[in-house]
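Please read them alongside the coordinates.

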Amino acid sequence: MHSVITNVSELVESTTNQDLKKIVQKILNKERISFDDGVLLFEHGSLGYVGALANWVREQKHGNKTYFNRNFHIEPTNVCVFSCKFCSYSRLYAHKEEGWELSIDDMLNIVKKYDDQPVTEVHIVGGVHPKMNLQFFVELFKAIKAHRPDLHIKAFTPVELDYIFKKANVSIEEGIKILHEAGHDSLPGGGAEIFHPEIREKICADKVNAEGWLSIHKAAHKLGMHSNATILYGHVEAYKHRIDHMERLRQLQDETGGFNTFIPLKFRNQDNDMSNVKEVSIIEDLKMYAVSRLYMDNFPHIKAYWPMLGRKNAQLTLNFGVDDLDGTIDDTTKIYSMAGSEEQNPAMSTDELVALIKQVNRQPVERDTLYNVIKDYSNFELEEVEVN
Ligand code: V47
Ligand code: SF4
């Protein structure tokens, strides 16, 4: 174990800002911090300061354990009826010839490519195509489960679900139940962006709003399904909007307990309608992870999505509150490479991911979607693989 706990106590003694001192004391007493505390940490906490605190919380919750899973992505289409300004990936339905659309057979063939591999999860998410309706996805889920019943299906954001439920004329509760019975296991965290209407209006005015997003996750949780939540940060929002976003999620989590992971996603500005907005620095990224760990006290995990950050930055996040690096074994997602992420071909073998985690003295643990431990890699020999 690192000796961070002593450092954190020293931190309290040396803090002269009385407001900050009160926040540190709350954190060390495992008390919840308030909205204003969260904003103050962003505005007045230095990176080293919030980082040391977040690392303390991370180690209290998980020790050195750093989770990853073996998954692959299917993106049914990049044709989308919506027009989020930050999106580099979608093609409007009016220009659908520039995009792709996969049939159920195409998607089943992707699943079959992994027949001999020990993957545990398929992550399905894409644009909102008007012809891919509720019945289409019921058939898709049934086909996947008939072929590989043990594969966990993590699929669709409330953006897609809100659209297909309205089109099918079913309530949220009915729609989620129909999909769940067909094999839908859990929801990924996308589509959340920034909940506050002042910002949502500016960056993604036409898709599901905060209340809609939260109601769909709530309905899924009520059926016993788990889910994740994201935030898209580092564009035109202020710190108070980030905290407002986290506050709404924290409240729902108090009610349902259905969220597993919070995933901060850094806005990338390549080839989209917000290319004029500058990207934030790595300092700001690490601060975002740290404040997330401190604010989201009822979220078990904080995840850094390594294909977006790059490998070295992903290693850094492990000292700033992050305990999960997602994980992938193949180049199957285009959403980030098209927006200008560090990794143009996001593929990393399990051995490479394990080596990456071990190199920074953390303990790699392979998990399934629900964080059941599949394998602890503590005794893996680091010499076998190099981290580039
Ligand atoms: O909601 C789109 C983001 C999200 C850009 O739950 C962008 O395990 C940055 O939610 N710059 C979808 N981000 C992806 C997502 C996700 C990813 C990995 C794991 C999980 C999980 C969920 O991607 C969208 C949006 O916030 N995004 N464009 C962009 N230019
Ligand atoms: Fe469509 Fe999603 Fe892109 Fe928005 S972020 S335009 S909903 S694919």
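**Notes on helix packing and a ligand shell**

1. In helix 2, the residues Leu20, Val24, Ile27 and Leu28 meet Tyr49, Leu53, Trp56 and Val57 of helix 4. By class, the residues of this contact between helix 2 and helix 4 are eight nonpolar, with no polar and no charged ones.

2. As for geometry, helix 2 (residues 18-28) packs against helix 4 (residues 47-62) at an angle of about 10°, and their axes lie 11 Å apart. Because angles under 35 degrees count as roughly parallel, helix 2 is described as roughly parallel to helix 4. The crossing of these two helices, helix 2 and helix 4, is left-handed.

3. Helix 2 also packs against helix 3 (residues 35-44), here at an angle of about 120° and with the axes 10 Å apart, and the two helices are therefore oblique to each other. Asp19, Leu20, Ile23 and Lys26 of helix 2 make this contact with Asp37, Leu40, Leu41 and His44 of helix 3. The contact of helix 2 with helix 3 comprises four nonpolar, one polar and three charged residues.

4. Around ligand 2 one finds Cys80, Phe82, Cys84, Phe86, Cys87, Ser90, Gly127, Val159 and Lys207. This shell around ligand 2 divides into six nonpolar residues, two polar and one charged.

5. On confidence, please keep in mind that this is a predicted model. The protein chain averages a pLDDT of 91, and 91% of the residues score at least 70. Over residues 1-5, however, the pLDDT is below 50, although this stretch has 15 contacts in the model beyond near neighbours in sequence.

Methods
Residues numbered from 1 in each chain as written. Chains lettered and ligands numbered in written order. Predicted model: local features only at pLDDT ≥ 70, side-chain atom pairs only at ≥ 80, totals over all residues. Heavy atoms only, no water. Axes fitted to C-alpha atoms, helices over the stretch in contact; angles between N-to-C directions. Helix = DSSP H or I, 4+ residues; strand = E, 2+ residues; numbered from the N terminus. Parallel < 35°, antiparallel > 145°, perpendicular 65-115°, else oblique. Left-handed = near helix turned anticlockwise from the far one by under 90°. Contact = heavy atoms within 4.5 Å. Nonpolar A, V, L, I, M, F, W, Y, C, P; charged D, E, K, R; others polar. Near = heavy atom within 4 Å. pLDDT = per-residue confidence, 0-100.
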